[in-house]
Amino acid sequence: MPKLTTYRNAFIVLILVLILCFFANISLGSVSIPFKTILESLIGSTDNYIIQNYRLPKAFTAILVGSGLGISGLLMQTLFRNPLAGPFVLGITSGASLGVALIILGAGVFGGTLAGLLVSKWSIVIAASLGSFLVLLAVLIVSSRVRDTMAILIIGLMFGSITSAVVSVLSYFSSAEQLQQYIFWGFGSLGNLSWKELGIFFIIYLIGLLLSIISIKGLNTLLLGENYAKSLGLNLKQSRFIIIIATSLLAGTITAFAGPIAFIGLAIPHITRQVFNTANHKVLLPAVFLFGAIIMLICDSIAQLPTSDYTLPINAITSLIGAPVVIWLLVRKRKMIF
Amino acid sequence: MENKNQHIILETKNLSVGYKTKKEEKLIASNINIALQKGQLIGLVGANGIGKSTLLRSLTQVQAKLSGEILLNDKPLASYSNLELAKSMSLVLTEKVASKNLSVFELIALGRQPYTNWVGTLSEEDIAVINKAIAHTNIEELKNKKCFELSDGQLQKVMITRALAQDTDLIILDEPTTHLDMYHKAYILKLLQKLVKETGKTILFSSHEIDLAIQLCDSMIVMNKKEVVSDSPCKLISKGVFNNLFPEDLITFDVNTGSFRVKK
């Protein structure tokens, strides 16, 4: 069985690329900052407000978002035995959006005094996590009834439709300001987090990551299918529960803090498998982490449109990269493997 | 050969199998009393829909039994934890492996899961067991191939090797010869016979290849509408058990050759 050591060189290269992308990401922006100043502000000898309070937390957010979405996609593709599974396709992101829509837009519908209390950053985070968890739970219940994995994907799409329908209804009743707030949240953004928020984000992310790591063995067993996994002594219910919790923690908090980021969760595991050519999660999990972080940093750098004053919505960039990957997977001659 | 080892590994007493829903019980087969002797190759045969799969699913605890007792090594099957059961019984199922991107070695190595640590690291002992299993089934040349590159026959050999690597006293296979050509059907069953002889394991398989099973098995379990009979193939033939296995308007059992004939 290929061990981590077999892939040592690939991992070293990826880590170097990650560091490179990290520096490139904080070097590029609408304001050009000399590299020397960047280094100095990183070690703390010079105070540079933009670096320390804007670009650095943004780069860290990008790393957490990319790696977290990639890992949750990997977990779901194995759990649902479906190469098209991912937080976005399965409707988990939609669930989070629905939660946020209810909070931001619903606040206007359900009364004015509550509104101010409700629409804090934390209530958005909680609503998004709750929304994604509920959708994932629904998907899981359906998947235990329906053996056909295609049906699960369709149900995910339906959740997306329900979300947009509810949003349309709510937007009819809400003020322009609230609508704008929701739409901006929907574009996705990596740059809105303070250090304190990033800290909370990191803690929840870490719990999700740890749960993913303890699921590695179970995930490998699930590659054989559920009945084989059970015959190999796996506690199916417990493993499935841990995987689901890990996924909803990762995808839920990411969507809450950074908005619905499309396609990264679906595309990253496939890109990783193309390079590493293995199904072993002991290799895939760290590899997906690195690939996710790198690609998210690159997407963010592109979104910044270096040297210009404009910033593109991050969601547009990830879709531009992710959607072709999905198409390419579908038209490839060899059957989709995962 | 029957006298070689009379120790019983799996035994059922008045077992009834079927499906239980909230509203009703659907009885598929009842009054099943079988005993699997250690170190034997046992074939389970019967017409379609008679309940072979249901019986196997109940024996492997994939589904719950309706009533009666199943004893594995003299202990009730239900008292085994998942992990204990994984160390006593390994399976080859009809369902397709979920991920075809696994290499053959990786797939076989998953058979060691009940013995490995929390992250599934293979010890040297694990690798030795895996290589021994690979040597038993003669698939060294497939070791580094991916599962999607294999033919059905090769994949079945790999799945049997995985079950061997799980290192259990009992291996149960659900219709291991479906989708295979005549040569590979004989090859797989012959391989099972060889494994029983070489490793001393007990192997139970269900199959529609009654002719082959009669030639290769140490004992057979025959399921028909009325009863479940278990004995050595010769005795089963002399008892005439095979004669009324199928409706006689189309095929009949020829006692002299031990095979079925189509009525012309």
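1. For chain B, residues 24 or more positions apart account for 67% of the contacts with a separation of 6 or more.

2. A word on ground rules. This is a predicted model, in which local features need pLDDT of at least 70 and side-chain atom pairs count only at pLDDT 80 or more, while totals for chains, interfaces and linings use all residues. Residues are numbered from 1 along each chain as its sequence is written, and chains are lettered from A and ligands numbered from 1 in the order in which they are written.

3. Chain A has 16 helices and zero strands. These elements are DSSP runs, numbered from the N terminus: H or I with at least four residues for helices, E with at least two for strands. Its radius of gyration is 20 Å, close to the 20 Å that the globule rule gives for 338 residues, so chain A is as compact as a globular protein of that length. (The radius is taken over C-alpha atoms, and the rule is 2.2 Å times the number of residues to the power 0.38.) Along the principal axes, the C-alpha atoms of chain A fill a box of roughly 55 × 55 × 35 Å.

4. How much of chain A is buried? The share is 49% of the 338 residues. Buried means 20 or more other C-beta atoms within 10 Å of the residue's own, exposed means 12 or fewer, and partly exposed is in between, with C-beta atoms placed from the backbone.

5. Helix H15 of chain A is worth a look. It runs over residues 281–303, and its 23 residues reach 31 Å from first C-alpha to last, close to the 33 Å expected at 1.5 Å a residue; that expected span is 1.5 Å times one less than the number of residues. In H15(A), 21 of the 23 residues are buried, so the helix is largely enclosed by the rest of the structure. H15(A) is followed by A:Leu305, whose phi is positive, near 45°.

6. A:Met296 sits in helix H15 of chain A and is buried, with 31 other C-beta atoms within 10 Å. Setting aside neighbours within four places in sequence, A:Met296 is in contact with A:Ala62, A:Ile63, A:Val65, A:Gly66 and A:Ile264. From A:Met296 to A:Ile63 is 233 residues in sequence but 6.6 Å in space, C-alpha to C-alpha.

7. Which residues touch the most other members of the largest nonpolar core? They are A:Val100 and B:Ile108, out of 166 residues, and H15(A) gives the most to this core, with 15 residues. A core of this kind is a set of buried Ala, Val, Leu, Ile, Met, Phe, Trp, Tyr and Cys residues joined through C-beta atoms within 7 Å. Beyond four places in sequence, A:Val100 is in contact with A:Ile124, A:Ala127, A:Ala128, A:Tyr182 and A:Trp185.

8. On to the A–B contact, which takes 25 residues from chain A and 26 residues from chain B. Helices H11 (216–222) and H12 (226–231) of chain A each supply at least two residues of the side of chain A that touches chain B. H11(A) gives the most to that side, with five residues. By type, the chain A side divides into 12 nonpolar, eight polar and five charged residues.

9. Chain B has eight helices and 13 strands. Its radius of gyration is 19 Å, close to the 18 Å from the globule rule for 264 residues, so chain B is as compact as a globular protein of that length. Of those 264 residues, 45% count as buried. The C-alpha atoms of chain B fill a box of roughly 55 × 45 × 40 Å along the principal axes.

10. An unreviewed UniProt entry carries the annotation "domain: ABC transporter" over residues 10–250 of chain B; such annotations may be inferred rather than shown by experiment. Over residues 10–250, chain B is 34% helix and 24% strand, with the end C-alpha atoms 36 Å apart.

11. Two backbone spots in chain B to check. B:Asp74, in the loop between strand E5 (67–72) and strand E6 (75–76), has a positive phi near 65° and is not a glycine; with 10 C-beta neighbours inside 10 Å, B:Asp74 counts as exposed. B:Asp167, in the loop between helix H5 (152–165) and strand E8 (170–173), has a positive phi of about 55°; B:Asp167 counts as partly exposed, with 19 C-beta neighbours inside 10 Å.

Conventions
Two residues are in contact if their C-beta atoms, placed from the backbone, lie within 7 Å. Ala, Val, Leu, Ile, Met, Phe, Trp, Tyr, Cys and Pro count as nonpolar, Asp, Glu, Lys and Arg as charged, and the others, Gly among them, as polar.
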